[in-house]
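These are my notes from looking through one structure.

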Amino acid sequence: LSSYKSLVTLRGRGNRHIEGDLESTTTRNALKDLAGSLVEVDLGWNSIGGSLPEELAFLEKLRILKLDKNLLHGKLQHLPRSLEILDLSENELEGKLPESLKDIHN
């Protein structure tokens, strides 16, 4: 992903062949590289694990984040303030949405 620095949309919903750890160095570096361009991520219904990396918070243009029905765990944190649609359902995440995101859609 890091070679696609102007990537706007990343979709792979329902693939079940997309797996890995969101906390990996490769993923974290890719998120840093995409901070200025990525608007939508829809990777629900896959086998993505780990916790939400802090680099998510730096995706300043991200409006849609759908990681539902994966293997995510840990605290609900590091979410960008720019989100308008969020779906993290059917994971093992805990905690409350930050106050800045209380009015978004799921």
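Entry 1. I note at the start that the model is predicted. The backbone oxygen of Gly12 is 2.8 Å from a polar atom of the Asn46 side chain.

Entry 2. I looked up where Asn46 sits. I found Asn46 in the loop between strand 3 (40-42) and strand 4 (47-50). Is Asn46 buried or exposed? Its relative accessible area is 0%, so Asn46 is buried. I also listed what Asn46 touches, leaving aside neighbours within four places in sequence. The list holds Gly12, Arg13, Gly14, Asn15, Arg16, His17, Ile18, Lys69 and Asn70.

Entry 3. Next I turned to charged side chains. The general idea is that side chains of opposite charge can pair when their charged atoms come close. How many salt bridges does a search of the whole structure find? The search gives eight. I wrote up three of these pairs.

Entry 4. I took Glu40 and Arg11 to begin with. They form a salt bridge in which the closest N and O atoms are 2.9 Å apart. Glu40 belongs to strand 3 and Arg11 to strand 1 (residues 9-11), and the pair links parts of the chain 29 residues apart. I checked the accessibility of each partner. Glu40 has 12% relative accessibility and therefore counts as buried. Arg11 has a relative accessible area of 58%, so I wrote it down as exposed.

Entry 5. I went on to Asp42 and Arg13. Their salt bridge has its closest N and O atoms 2.7 Å apart. Asp42 is in strand 3, while Arg13 is in the loop between strand 1 and strand 2 (19-21), and 29 residues separate them. Asp42 is buried, because its relative accessible area is 8%. Arg13, at 39% relative accessibility, counts as partly exposed. I then asked what else this pair is linked to. Arg13 and Asp42 belong to a network of salt bridges with Asp68, Lys69 and Glu90. Arg13 and Lys69 were already in my notes as contacts of Asn46.

Entry 6. The last pair I looked up was Arg63 and Glu84, whose side chains meet in a salt bridge at 3.7 Å, N to O. Arg63 lies in the loop between strand 4 and strand 5 (64-66), and Glu84 in the loop between strand 6 (71-75) and strand 7 (85-87), so the pair ties together parts 21 residues apart in sequence. Arg63 is partly exposed, with a relative accessible area of 30%. Glu84 is also partly exposed, at 45% relative accessibility.

Entry 7. I then left charge aside. In soluble globular proteins, nonpolar side chains tend to be buried together. In this model the largest nonpolar core has 23 residues. Which residues have the most contacts inside it? They are Leu38, Leu52, Leu65, Leu67 and Leu79. I followed up Leu79. Not counting residues up to four places away in sequence, Leu79 touches Leu52, Ala57, Leu65, Leu86, Leu88, Leu97, Pro98 and Leu101.

Entry 8. I ended with Thr25, which is found in helix 1 (residues 25-33). Its relative accessible area is 57%, so Thr25 is exposed. Thr25 and Ala35 are 10 residues apart in sequence, and their C-alpha atoms are 15 Å apart in space.

Technical notes:
Residues are numbered from 1 along each chain as its sequence is written. This is a predicted model: local features need pLDDT of at least 70, side-chain atom pairs count only at pLDDT 80 or more; totals for chains, interfaces and linings use all residues. Side-chain values use heavy atoms; hydrogens and water are left out. Helices (H or I, at least four residues) and strands (E, at least two) are DSSP runs, numbered from the N terminus. Buried means under 20% relative accessible area, exposed over 50%, partly exposed in between (1.4 Å probe, protein chains only). A polar contact is a pair of N or O atoms within 3.5 Å; within protein, one must be able to donate a hydrogen and the other to accept it, and residues adjacent in sequence count only if both atoms are side-chain atoms. Contact means heavy atoms within 4.5 Å. A salt bridge is a side-chain nitrogen of Lys or Arg within 4 Å of a carboxyl oxygen of Asp or Glu. A nonpolar core is a set of buried Ala, Val, Leu, Ile, Met, Phe, Trp, Tyr and Cys residues joined through side-chain atoms within 4.5 Å.
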